[in-house]
Amino acid sequence: MLNPIKLEMRCPMCGQIHSVVVEEGDFLEWQNGELIQRAMPDLSVTEREQLISHICPKCQAVIFEEG
């Protein structure tokens with residue numbers, strides 16, 4: 001990564017702090033309206049969901065297992 005940034009967030013379900021490391025330019029593209037899957041294609045679906053909803057991987061597993 002050229003200019004990685006660490007984005008920390010609190011999961012609204014369990015309250016735990018978690019983070020995702022992204023390229024700053026990719027993050028700015030997303031913030032300026034690009035679809036997250038186009039701006040950050042190297043992130044996993046779980047990581048992209050963390051950025052969108054702030055739900056941590058453990059809670060995502062519980063939610064999406066039930067769906």
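Predicted model: local features only at pLDDT ≥ 70, side-chain atom pairs only at ≥ 80, totals over all residues.
Let me begin with the cysteines: the sulfur of C11 lies 3.8 Å from the closest cysteine sulfur, which belongs to C14, and that is too far for a bond, given that a disulfide is taken here as a pair of cysteine sulfur atoms within 2.5 Å. C56 is likewise in no disulfide, its nearest cysteine sulfur, that of C59, being 3.7 Å away. By this rule the count comes to 0 disulfides.

Residues are numbered from 1 along each chain as its sequence is written, and side-chain values use heavy atoms, with hydrogens and water left out.

Are C11 and C56 buried or exposed? With buried meaning under 20% relative accessible area, exposed over 50%, and partly exposed in between, for a 1.4 Å probe and protein chains only, C11 counts as buried at 2%, and C56 counts as buried at 6%.

Now to the strands, which, like the helices, are DSSP runs numbered from the N terminus, with at least two residues in state E for a strand and at least four in H or I for a helix. β1 and β2 run antiparallel and are joined by 7 bridges, where pairing requires that DSSP finds at least two bridges between two strands. Their hairpin has 6 residues between the strands, and there G15 takes a positive phi near 85°.

Within this pair, E8 has S19 of β2 as its bridge partner. E8 also forms a salt bridge with K6, the closest N and O atoms being 3.7 Å apart, the criterion being a side-chain nitrogen of Lys or Arg within 4 Å of a carboxyl oxygen of Asp or Glu. The structure holds 1 salt bridge, and both E8 and K6 are exposed.

If we leave aside neighbours within four places in sequence, the contacts of M9 (heavy atoms within 4.5 Å) include V20, L51 and H54.

Finally, V62 sits in helix α4, residues 57-66, and is partly exposed at 47% relative accessible area. The C-alpha atoms of V62 and W30 are separated by 27 Å, with the two residues 32 apart along the chain.
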